[in-house]
Amino acid sequence: MVEEFTPETVRERIERDAEFDLIDIRDDEDYAEGHLPEAEHVTVDELEETVVDRDWADDVVVYCYIGQTSVQAARLIEEYGDAERVASMAGGYDAWEQQKASGDD
């Protein structure tokens with residue numbers, strides 16, 4: 001089962017400069033419209049092609065638009081990548097933006 005982090009947890013990790021790979025798997029257009037600070041853009045197709053060959057950080061957090069595709073991507077990294085801990089951001093970018101809009105940051 002894939003671990004899920006809340007947007008608040010991801011924000012805290014970013015703010016304290018935790019060492020982890022933050023991967024945005026949304027399409028090019030969505031990424032260009034906005035993304036989390038320090039997020040690396042890797043589409044699902046790119047991820048499937050490179051997951052085995054990539055040198056992953058020990059910790060990886062993956063997010064998509066609403067949190068469903070990122071769970072699948074996290075499973076892929078868990079199975080074929082060399083990261084020690086992989087999580088999906090619950091609710092995805094949508095939840096991140098909603099939290100920001102509500103002033104919880």
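The side chains of Arg 54 and Glu 40 form a salt bridge, 2.6 Å from N to O. The term means a side-chain nitrogen of Lys or Arg within 4 Å of a carboxyl oxygen of Asp or Glu. This pair links distant parts of the chain: Arg 54 sits in the loop between H3 and E4, Glu 40 in strand E3 (residues 40–41), 14 residues apart. Helices (H or I, at least four residues) and strands (E, at least two) are DSSP runs, numbered from the N terminus.

Arg 54 also bridges to Asp 21, with the closest N and O atoms 3.9 Å apart. Asp 21 lies in strand E2, so this pair ties together parts 33 residues apart in sequence. Asp 21 and Arg 54 are both buried; Glu 40 is partly exposed, at 34% relative accessibility. Buried means under 20% relative accessible area, exposed over 50%, partly exposed in between (1.4 Å probe, protein chains only).

## How the model is read

This is a predicted model: local features need pLDDT of at least 70, side-chain atom pairs count only at pLDDT 80 or more, and totals for chains, interfaces and linings use all residues. Residues are numbered from 1 along each chain as its sequence is written, and side-chain values use heavy atoms, leaving out hydrogens and water.

## Another bridge

The whole structure holds six salt bridges. One of them joins Arg 85 and Glu 3, at 2.8 Å from N to O. Arg 85 is in strand E5 and Glu 3 in strand E1, 82 residues apart.
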